[in-house]
Amino acid sequence: MMEEFYFLKHPVLMNKMKRFLLPLLAAIALPTSVFGLGYEVKTNLMTDEKEIEFLMMATDSVKDDIGIKKDVYLFVRCEGGDPEIFVMTPTYNGENNLVGVRWNEDKPSYEYWSQSNTKTAYFVPDVKDFVKELMQRYFLTFQWEPEDSNKKVVRFALNAQDFKKELKQAQKDGCNLGL
């Protein structure tokens, strides 16, 4: 009888099974909000205004301040119709607010973006112009320089993860994105 379950004792087969089955089980068992992706509309209980949030994960991950690989997100948030778009990094960026932006295979441009209070996120200066570019392009490459570290670069595949569809839905739901 034990010969039938030989694979349970074989370390290579067990490792392959774990790498396949554990993520599959997690994807089935956990709601999508645990993964942080997805479109969400809530109502602010104090103001009755709509709050819209969704994000896109970069195709690349980078090492954080202690060397652990982490994801980078392009986050869209809208409260009371006013949109904000920012890039959430896993690094502490100090006062370094010069970022590089490259659309598709165009030449990169470098500009100063404001930062979050925690110095881990960069805010798009002109949301409507940025959204127009997002809708017309298929890649966004983003570069920043964390404090006491080398420059980091990630790419967002703009035709993936239903991101453009979610931008259009946010506009329909009252977010003034200029579409």
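This report describes the fold, strand pairing, disulfide, salt bridges and one surface patch of a predicted model.

## Basis and overall make-up

The model is predicted, so local features are given only at pLDDT of at least 70 and side-chain atom pairs only at pLDDT 80 or more, while totals for chains, interfaces and linings use all residues. Residues are numbered from 1 along each chain as its sequence is written, and side-chain values rest on heavy atoms, with hydrogens and water left out.

The chain has 4 helices and 10 strands (DSSP runs numbered from the N terminus, helices being H or I of at least four residues and strands E of at least two). Along the sequence their pattern is α-α-β-β-β-β-β-β-β-β-α-β-β-α. Of the 179 residues, 34% count as buried (under 20% relative accessible area; exposed is over 50% and partly exposed lies in between, with a 1.4 Å probe and protein chains only).

Gly100 is placed opposite Gln143 of β9.

## Strands β3, β4 and β8

Strand β4 (residues 82-88) pairs antiparallel with β3 over 7 bridges. The two form a hairpin with 2 residues between them, and Gly80 in the turn has a positive phi of about 65°. Strand β4 also pairs with β8 (residues 121-123), again antiparallel, over 3 bridges; here Met88 stands opposite Ala121.

Arg77 has Glu84 in β4 as its bridge partner. Their side chains also form a salt bridge, with the closest N and O atoms 2.7 Å apart (a side-chain nitrogen of Lys or Arg within 4 Å of a carboxyl oxygen of Asp or Glu). Arg77 is partly exposed at 22% relative accessibility, and Glu84 is partly exposed at 32%.

## Disulfide

The count comes to 1 disulfide (a pair of cysteine sulfur atoms within 2.5 Å). Cys78 and Cys175 form this link, with their sulfur atoms 2.4 Å apart. Cys78 belongs to β3 (residues 69-79) and Cys175 to the segment after α4 (163-172), so the pair links distant parts of the chain, 97 residues apart. The link is right-handed, with 110° about the S-S bond, and both cysteines are buried.

## Other salt bridges

The total is 5 salt bridges. Asp64 pairs with Lys70 at 3.5 Å between the closest N and O atoms; Asp64 is buried at 11% relative accessibility, whereas Lys70 is partly exposed at 37%.

Lys119 and Glu95 form a salt bridge, also with the closest N and O atoms 3.5 Å apart. Lys119 lies in the loop between β7 (114-115) and β8 and Glu95 in the loop between β4 and β5, so the pair ties together parts 24 residues apart in sequence. Glu95 counts as exposed, at 59% relative accessibility. Asp106, Glu133 and Arg137 are linked in a salt-bridge network.

Terms used: Pairing = 2+ DSSP bridges.
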